[in-house]
Amino acid sequence: MIKEIEIVYDLVCPFCLIGERILTTALTELSDPPMVKRRPFILDPQITGQGVPFPTYHAAKYGERSKPMMRHLEQFAQRYGLNFNFDNLKTYPPSMDGHRLVLFAERFGASGKIATALMEAYFLENREIQKQSVLLEIAVEQGLPKDETRAMLESGDLREIIEQEVRNAQMRGIRSVPSYFVDGNYIGGTEEIKQYLVA
């Protein structure tokens with residue numbers, strides 16, 4: 001029986017939102033679902049401030065493959081009820097503050113809910129999750145206390161913990177996300193964890 005699943009993820013990774021949807025569905029079918037822990041990862045630590053224009057970033061990273069990749073991923077995501085439209089994304093944002101919010105939400109038992117809400121806000125609603133005001137709005141929408149959350153966001157709290165978690169993931173050999181560990185054992189990506197749980 002599985003006791004714990006660790007998800008290494010980044011909030012600005014579309015495959016992580018797809019993986020979240022797949023994992024959530026799979027876990028509802030288990031009579032005794034395991035504990036789920038989320039471990040932050042930052043795919044591009046050079047992205048800071050208010051981020052960079054998404055079309056420019058994606059084109060620079062993938063070249064001629066950029067547009068076909070986006071169309072393919074949009075079609076793939078629809079299998080899981082996710083309506084991505086990458087043409088609507090204006091910014092590729094930094095995710096540090098979002099990860100801090102997810103970690104902060106642990107004390108309220110809401111880390112999973114907040115992580116999902118942030119990814120959906122970015123990919124499905126085109127909200128600017130690099131802005132602390134938007135993060136606060138989402139947190140309050142999900143039931144977190146406004147004043148306490150604002151104080152955390154405005155401080156540097158939890159940044160060092162996130163940075164250490166990212167280093168830990170890198171030391172475990174993680175280079176892409178989502179990645180999964182089941183009871184401490186590396187399983188792989190989304191398709192692997194899906195097959196593992198339904199096997």
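## What you're looking at

This is a predicted model, so a bit of care applies: local features need pLDDT of at least 70, side-chain atom pairs count only at pLDDT 80 or more, and totals for chains, interfaces and linings use all residues. Residues are numbered from 1 along each chain as its sequence is written, and side-chain values use heavy atoms, with hydrogens and water left out.

## The overall build

The protein chain has nine helices and six strands. These are DSSP runs numbered from the N terminus, with helices being H or I of at least four residues and strands E of at least two. Along its principal axes, the C-alpha trace spans about 45 × 45 × 30 Å. The radius of gyration is 16 Å, which agrees with the value near 16 Å for a compact globule of 199 residues. That radius is taken over C-alpha atoms, and the globule rule is 2.2 Å times the number of residues to the power 0.38.

Of the 199 residues, 48% count as buried. Here, buried means under 20% relative accessible area, exposed means over 50%, and partly exposed is in between (1.4 Å probe, protein chains only). The accessible surface comes to about 10,400 Å², and 49% of it belongs to carbon and sulfur atoms; such areas come from the Shrake-Rupley method with a 1.4 Å probe, and for residues only the protein chains shown count as cover. Among contacts (heavy atoms within 4.5 Å) between residues at least 6 apart in sequence, 74% join residues at least 24 apart.

## Helix 1 meets helix 3

Take helix 1 (residues 14–28) and helix 3 (residues 66–78): their axes come within 11 Å and cross at roughly 10°. Axes are lines fitted to C-alpha atoms, for helices over the stretch in contact, and angles run from 0 to 180 degrees between N-to-C directions.

On the helix 1 side you'll find Pro-14, Phe-15 and Ile-18, which meet Leu-73, Phe-76 and Ala-77 of helix 3. By class, this contact has six nonpolar, no polar and no charged residues. Nonpolar covers Ala, Val, Leu, Ile, Met, Phe, Trp, Tyr, Cys and Pro; Asp, Glu, Lys and Arg are charged; the others, Gly among them, are polar.

## Helix 6 and its neighbors

In helix 6 (residues 132–141), Val-134, Leu-135, Leu-136, Ile-138 and Ala-139 are buried. The buried residues of this helix pack against helix 4 (96–105), helix 5 (111–123) and helix 7 (146–154). After helix 6 comes Gly-143, with a positive phi near 95°.

## Loops worth a look

Leu-89 sits in the loop between helix 3 and strand 4 (91–92), yet Leu-89 is buried, with a relative accessible area of 3%. Leaving aside residues up to four places away in sequence, Leu-89 touches Phe-54, Pro-55, Tyr-122, Phe-123 and Asn-126. Asn-126 belongs to the loop between helix 5 and helix 6 and is partly exposed, at 25% relative accessible area. Its phi is near 55°, a positive value in a residue other than glycine.

Further on, a cis peptide bond joins Val-177 and Pro-178, with omega about 0°. Pro-178 is in the loop between helix 8 (159–171) and strand 5 (179–182). Asp-183, in the loop between strand 5 and strand 6 (185–188), has a positive phi near 50° and is partly exposed, at 38% relative accessible area.
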